[in-house]
Amino acid sequence: MIAGLFRRDGARRRAVEGLHAAISLAARRPGLYTRLGVPDTVEGRFEALCLHVILVLRRLNRLPAPAADVAQDLVNAVFIQLDAALRELGVGDMGVGKRMKKLGAAFYGRAAGYDAALDAGDGAALAVVLARNVLGGVGDAAGLAAYVLAADAALATANLDGLLGAGPPFPEPEAFAPAPTGDRI
């Protein structure tokens, strides 16, 4: 019986690691940076990761048990990764705790802002929040907002087995790039 519990824990851990890896890959898609304006910086990559994790958490929090446990495991995995990344960037042990608190506050603040706009179905409000958080207040986030709305809609159809198996059904970012403006010669 105890061995069965360890197998389940190991299987769940591997499933969450796979989900985390799939989310990380989605957050690194080149189109987010080249076509939708996400800055290709440490901060921009943090914002893209947070955005994708938040979208998956929205779905997990609407699914029946054990999805809430998976959601908590995912948050834990993400913050363990962020802690390790800070250490790799040379942040000392004394500074890691303070930075992790700031990252946690930023993550949950963004989650609240994105949730409010998505729950209201307000694409304009979502674009404002995304422009402020993800684009750093620079540029038009209409394409990114359209991508996020489409991702949220696609995730709304996913079940827990699908999320843990095939991964989250994120759309291709390039499909939401704004049309070019001006004359081209």
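Tutor: Buried means under 20% relative accessible area, exposed means over 50%, and partly exposed is in between (1.4 Å probe, protein chains only). This is a predicted model, where local features need pLDDT of at least 70, side-chain atom pairs count only at pLDDT 80 or more, and totals for chains, interfaces and linings use all residues. Residues are numbered from 1 along each chain as its sequence is written, and side-chain values use heavy atoms, without hydrogens and water.

Student: Why is Tyr108 called partly exposed?

Tutor: Its relative accessibility is 49%.

Student: What makes Phe107 buried?

Tutor: Its relative accessible area is 3%. Buried is under 20%, so Phe107 counts.

Student: Why is the pair of Phe79 and Phe107 called edge-to-face?

Tutor: Rings of Phe, Tyr and Trp (its six-membered ring) pair if their centres lie within 6.5 Å; planes under 30 degrees apart are stacked, over 60 edge-to-face, the rest tilted. Here the centres are 5.5 Å apart and the planes stand at 85°, so the pair is edge-to-face.

Student: Which parts does this pair tie together?

Tutor: Phe79 lies in helix α4 (residues 67-88) and Phe107 in helix α5, so the pair links parts 28 residues apart in sequence. Helices are DSSP runs of H or I, at least four residues, numbered from the N terminus.

Student: How do you know that Arg45 lies over the face of Tyr33?

Tutor: A charge sits over a ring if NZ of Lys or CZ of Arg is within 6 Å of the ring centre and within 35 degrees of the ring normal. Arg45 lies over the face of Tyr33, at 4.9 Å from the ring centre.

Methods. Helices (H or I, at least four residues) and strands (E, at least two) are DSSP runs, numbered from the N terminus.
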